[in-house]
Amino acid sequence: MLRGLGSVFRRSVVVMATTQATRTLRFQPIIYQALNQPAIFGVRTFAAKNAKKKDTSDLPPVEIDFKAFEQRMDEAVEAMKRDYAKIRAGRASVQLFDSLVVNVGGERVPLSTLGQVVLKTPQLLAVNLFDQNSADAVVTAINGMGMSLNAQKDSSTVIKVPIAKATKESRDQLTKAVSKLAEDAKGRVRNVRRDGMQLTKGLEKSAGKDEAKRAEKKLQTITDNRIDAIEKLRGAKEKDILEA
């Protein structure tokens, strides 16, 4: 009889323990779910060493017109040459006012449409006006050029512009002007180079890195040649100013 009671007691303990464990797991749903779910392991995949590269044959071909870039850079150099031709230390030049714009009644117009520039002497320019009403505006425009000029009305339709002989101060001012024009020209050349470099990025996608590198090298050579030309022109102009 005692043996039968012991067996019943053991079964009761097992049932109670199982029930308690089940209750505990119900209050801990995360652990319960983990115990009742199969283990899941993450799998890391690796690309094959000889994976095929992305096919770029369907991309539209990119062409770089180097002649067009050379032309744009040459235009910057030529514009600088024209500006240099207007700078004459201690000597008058009719080209001095080629790019001068005059504000007449709120409208900006080139001086060439208002009158004719004439060389009177190596130190004197004259502007023969077509209309006397523009005289004051022309005087203001000339004196505002930043070249230490002193334009004056000689008559109602004639403006005289004396060109002082070169001094150390005037040479320094002209040298600074020459340097600024050179830097502006180099900036324009580099802007053209930047546009070309943007195209090489598309060339790399359609034709490959090697082709893009060759294009970049050629574009850089074109740029360097123009920068060198600008520096030579600046040096020659500065020498001309100092020797005047």
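Which residue in β6 is the bridge partner of L125? In this predicted model, that partner is V161. The points below concern strand β6 and its surroundings.

1. Pairing with β4. Strand β4, residues 124-129, pairs with β6 in the antiparallel sense, and five bridges connect the two. The bridge between L125 and V161 involves a β6 residue whose side chain is buried.

2. Pairing with β5. Strand β5 covers residues 152-153 and is likewise antiparallel to β6, with two bridges between them. K153 has I159 as its bridge partner in β6, and Q152 stands opposite K160.

3. The four strands form an open sheet in the order β3-β4-β6-β5, with antiparallel pairing. Because β3 (115-121) and β5 are at the edges and each has a single partner strand, one side of each lacks a neighbour in the sheet.

4. Faces of β6. In a regular strand, side chains alternate between the two faces of the sheet.

5. Helix across the strands. Helix α4, residues 135-143, lies across β4, β5 and β6. The angle between this helix and β6 is about 15 degrees.

Methods. Residues are numbered from 1 along each chain as its sequence is written. This is a predicted model: local features need pLDDT of at least 70, side-chain atom pairs count only at pLDDT 80 or more; totals for chains, interfaces and linings use all residues. Side-chain values use heavy atoms; hydrogens and water are left out. Buried means under 20% relative accessible area, exposed over 50%, partly exposed in between (1.4 Å probe, protein chains only). Two strands pair if DSSP finds at least two bridges between them. Contact means heavy atoms within 4.5 Å. Axes are lines fitted to C-alpha atoms, for helices over the stretch in contact, and angles run from 0 to 180 degrees between N-to-C directions.
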